[in-house]
Amino acid sequence: MQTRKLGNSGLEVSALGLGCMGLSFGYGPATDKSQGIKLIREAYEQGITFFDTAEAYGKANEELVGEALAPFRKEVVIATKFGFQDGDSHKGLDSRPKRIRQVVEESLQRLQTDYIDLFYQHRVDPNVPMEDVAGAVKELIAEGKVKYFGLSEAGVESIRKAHSVQPVTALQSEYSIWWREPELEILPTLEELGIGFVPFSPLGKGFLTGAINEKTKFDATDFRNVVPRFSEENRKANQGLLSLLGEIAKQKQATSAQIALGWLLAQKPWIVPIPGTTKSNRLTENIGGASVNLSNEEVKAIDDSFAKTTIHGDRYPVYLQKRVGK
């Protein structure tokens with residue numbers, strides 16, 4: 001697998017990372033621990049060196065990632081996140097410097113490591129000045145407990161404030177063929193400042209794989225049950241997007257998921273998507289997306305086709321959207 005550098009920071013990672021959240025959080029019952037370890041190690045064996053977790057995905061998620069990667073810790077980049085009260089995404093935000101320091105100590109233990117490569121603020125905390133957050137991470141970097149600083153779903157003003165105190169290595173936010181908002185202000189700002197971009201949900205929370213239709217039943221604990229874009233009527237209305245993606249995939253002798261990932265990789269050389277999965281066959285399929293080379297003409301054809309389609313449903317319920325773009 002090819003590698004990419006996240007902005008001007010010098011942090012080099014595989015062109016695709018692995019989002020580990022879904023192994024134990026957000027998409028139904030947790031994967032069996034031994035299976036989760038096996039999948040993460042398969043990813044490493046197939047060239048992935050960039051692994052993403054968070055305190056808010058549950059202690060078990062960081063522990064799983066730490067145990068799986070322990071044998072080759074020095075060859076991989078581990079990203080984790082802070083920013084919620086008691087590490088619980090259902091509670092309020094908490095990015096007080098004292099809390100950040102507590103999180104880093106606990107995450108280091110769970111990850112079985114003495115440093116965190118990339119430490120993200122999970123969501124901007126309106127009650128804590130961004131300069132204080134960046135200052136706290138700057139101290140941790142000076143102490144060697146953290147190597148690089150990141151933000152997630154932050155807006156332009158917060159990015160600039162943070163970057164003025166401690167250079168931001170990467171922003172992690174949702175971006176895919178069917179969620180294009182970062183193109184308006186975020187991507188130009190990142191390019192100007194030399195910050196890398198790590199798109200999560202690059203496959204539209206599974207929709208762009210073509211494996212989901214209006215008849216799909218999600219587990220009762222699956223986050224997509226509260227996402228407007230995944231209501232039965234909106235899944236049905238958005239099927240036209242999949243037909244379009246499928247046509248392009250046939251022409252390139254690839255799958256829809258691989259085209260969606262190839263499209264993201266073609267946007268900027270400092271973009272590193274982190275698709276997640278619990279299945280070995282999907283992992284291998286996603287990794288194949290890193291080998292899909294789309295020409296400028298093909299990217300334009302995809303963009304032109306998608307511009308003519310209407311995407312139905314918001315990407316978040318209102319209460320979650322309020323945490324985004326601060």
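Biologist: In what order do the 7 strands of the open sheet stand?

Modeller: This is a predicted model, so local features need pLDDT of at least 70 and side-chain atom pairs 80 or more, while totals for chains, interfaces and linings use all residues. Residues are numbered from 1 along each chain as its sequence is written, and side-chain values use heavy atoms, leaving out hydrogens and water. Strands are DSSP runs of E of at least two residues, and helices are runs of H or I of at least four, numbered from the N terminus; two strands pair if DSSP finds at least two bridges between them. The pairing here is parallel, and the order is β3-β4-β5-β6-β7-β8-β9.

Biologist: Which strands stand at the edges?

Modeller: Look for strands with a single partner, because one side of each is then left without a neighbour in the sheet. These are β3 (18-19) and β9 (196-200).

Biologist: Which residue is the bridge partner of G19 in β4?

Modeller: Strand β3 is joined to β4 (residues 50-52) by 2 bridges, and the two run parallel. In β4, G19 is partnered by D52.

Biologist: How many helices and strands does the protein chain have, and what is its radius of gyration?

Modeller: The chain has 12 helices and 9 strands. The radius is taken over C-alpha atoms, and the globule rule is 2.2 Å times the number of residues to the power 0.38. For 326 residues that rule gives 20 Å, close to the chain's own value, so the chain is as compact as a globular protein of that length; its radius of gyration is 19 Å.
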